[in-house]
Amino acid sequence: MSKASTGTPPKGAKARKRVAFDANSRLLISRFLNDWVWPRWRSLLYALVLTACLAAITGGYPMIIKLSFDTLMKEQTGTLLPILLGIIAITVARSIFMYLQTVSTQRIVHRMGTDIQKAAFTHLIEADFARLSRESPGHLLSRLTNDINMIQQAVQATVNTAVRDVLMVVALVISMFYLDWLMSLFVLGVYPIAALPIAIISERLRKVAKRTQSQLGDLTSLLSEKLSGSRLIKTFRLENYASEKVHSSFEEVFKLRMKALRNRARLDPMLEALGGLAVAGVIAFAYWRISSGISTVGDFMGFITALLMAAQPIRSLGNLSGKIQEGLAGAESLYGLLEEKPKIIDLPDAATLKVTGGNIRFDNVAFAYDSAPDAPALRGINVDIPAGATVAFVGRSGAGKSTLINLVPRLFDLTGGTISIDGQDIQQVRLASLRDNIAIVSQDVTLFDDTIRANIALGRLDASDSDIVAAAKAAAAHDFIIAQPSGYDTQIGSSGQRLSGGQRQRLALARAILKNAPILLLDEATSALDTESERLVQEALTHFTSNRTTLVIAHRLSTVQNADLICVMDEGQIIELGNHTDLMAQDGTYAMLAKTQLVADPVLVDDPAAAG
Ligand SMILES: Nc1ncnc2c1ncn2[C@@H]1O[C@H](COP(=O)(O)OP(=O)(O)OP(=O)(O)O)[C@@H](O)[C@H]1O
């Protein structure tokens, strides 16, 4: 991530730093130009030509004013008509070019903003799962919207001001020199006085912009959290608590915005006052020049017109550096994101995974999360899962079951040992081929705000309608789907909120079944189902899993007692291994868990070992 220098600059460097961008900013600007601006040089050139035309026409305006006043003073009414026509022609031409110039530059800016958003999103969605889960969705959302918006505004100001306004000022200054070079020199001497305060204010603006961006990220995150947690807020009557939290974040953003605004607002009056100084000086100067017969009233009026017309673009120039600094804060955050490289990637010589039977072997597998490198979530996991077998992972909450399952599709990479599928190390095969062979139903069901059909179809995007229905039937979901108002075309709302927990789980199962992958990972996939639905799903799953390797996590032991192999986990290790009967005979942790569940789960009573 390119960071702006935040350390104290050496003596003497401070003044230099104030009037120019620091080295990091220059680097950032040049990267940004290379990545996003130069590739659109054709559109830029077009906009530039329009801008030049607009500037040239603007420069002609004071001339025509001079001519009209000279004519009026000499009372030569005969030549007035062509002058009036000239004024109309110039204003009409100026309006047309203003329109074309605005549309063409805005198009570049918006096109660029959209492309940056697309690139940032694609980059983000391709990032490692660990990276995506590290930052809250609200923060990421803010980076994709607020930060990029700041960049867009800076580019817009730059294109408009640095190009259009500079050209306009140049054209007007040429007119001014043509009309009265001495007066021009006087005026030009006044404006540079503003350079130093402008530089100081711009630097402050960048700091405020960075803090605003981070605060906006917090705010977006807070808002999405509080709005999506409305059930908790209502039932625990946390409305005031939520409002206070959100209000204080709104207030923080308000304070920062005011700070930026105060800084920005200081610029305009300063430039306005300088403008006034210049006008007063010009009038005094002109009085002497006209009375001594050196200049005409026309010269003076033309000159004053040019000066007044230049005031606005000059003011924009004064504000530009502040805007650029705010955009740079956005660009810094953007590049921070784009520079993050995923760690879980294909090796250069990665082969395509070929699943022949679906044997999965865990060899001395160890894993620690980045946030807790010294407290491994998994240690010394050794288990050989025969092709087509169903293996259950049971154990206390926090034992490491979900972590282990997440390692198979490489959502995280192991920190020790190997996992192989049909003899192929999963680290050595292409990630896409690995994930294509795995279907997963995780604890937290993810559904999108779309139709039931579309949500199931995520399992296989090119699936036919009949495949979708078959998958829904296999997951015991078809009946409740057709009972919905629009059947498979029913919109289920954000995160499937219009469905019950059990219905959501069945859709997730249908999606995994539709994928028809040889390896199936079920992490508490049936935990939200009632006994009857679970029985139906289990029946369907027995059929579906008969020819594929299935790893199941379940707290309800009744759902896994028929598994070929049961791994009992504790503190990141497998402490018992065997089938239900073996484990009951061992009379260890599994037997104890089974016995405690007997009361709640009569299915286990049928089992003689469990009963004993
Ligand atoms: N993203 C994460 N970052 C850091 N630690 C994590 C993360 N996810 C899980 N852990 C930790 O890893 C350990 C194992 O968690 P895991 O979710 O695998 O347990 P589990 O056996 O599946 O539990 P449960 O049955 O409650 O789902 C726990 O101590 C947990 O705190």
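Hi everyone, let me open with a pair of helices: H6 and H11 are roughly antiparallel to each other, because their packing angle is over 145 degrees. On that scale, angles under 35 degrees count as roughly parallel, 65 to 115 as roughly perpendicular, and the rest as oblique.

Before going on, a word on what we are looking at. This is a predicted model, where local features need pLDDT of at least 70 and side-chain atom pairs count only at pLDDT 80 or more, while totals for chains, interfaces and linings use all residues. Residues are numbered from 1 along each chain as its sequence is written.

Back to our pair. H6 covers residues 137-179 and H11 covers residues 297-338; they pack at an angle of about 155 degrees, with axes 6 Å apart. Axes here are lines fitted to C-alpha atoms, for helices over the stretch in contact, and angles run from 0 to 180 degrees between N-to-C directions. H6 passes H11 in a left-handed crossing, meaning that the near helix is turned anticlockwise from the far one by less than a right angle; clockwise would be right-handed. Their contact has 27 nonpolar, 9 polar and 6 charged residues. Nonpolar stands for Ala, Val, Leu, Ile, Met, Phe, Trp, Tyr, Cys and Pro, charged for Asp, Glu, Lys and Arg, and polar for the others, Gly among them.

H6 has another partner, H4 (residues 80-125), packed at about 150 degrees with the axes 9 Å apart. H4 and H6 are roughly antiparallel as well, but here the crossing is right-handed. Among the contact residues are Ile108, Val109 and Met112 of H4, and Leu144, Ile148 and Ile151 of H6. Contact means C-beta atoms, placed from the backbone, within 7 Å. By class, this contact has 13 nonpolar, 7 polar and 1 charged residues.

H4 also packs with H3 (residues 41-74): their axes come within 8 Å and cross at roughly 160 degrees. H3 and H4 are roughly antiparallel, and their crossing is left-handed. The residues of that contact divide into 19 nonpolar, 10 polar and 1 charged.

Now let's zoom out. The protein chain has 21 helices and 10 strands, taken as DSSP runs numbered from the N terminus, with at least four residues of H or I for a helix and at least two of E for a strand. An automatic or database domain assignment gives domain 1 (23-338), domain 2 (347-437 + 520-612) and domain 3 (448-516).

How far apart are the C-alpha centres of domain 2 and domain 3? They lie 25 Å apart, and the contact takes 11 residues from domain 2 and 10 residues from domain 3. On the domain 2 side, helix H18 (residues 531-545) gives the largest share, 5 residues. That side has 8 nonpolar, 2 polar and 1 charged residues.

Finally, overall dimensions. The C-alpha trace spans about 120 × 60 × 55 Å along its principal axes. The chain's radius of gyration is 35 Å, whereas a compact globule of 612 residues would have one near 25 Å; the radius is taken over C-alpha atoms, and the globule rule is 2.2 Å times the number of residues to the power 0.38.

How values were computed. Contact = placed C-beta atoms within 7 Å.
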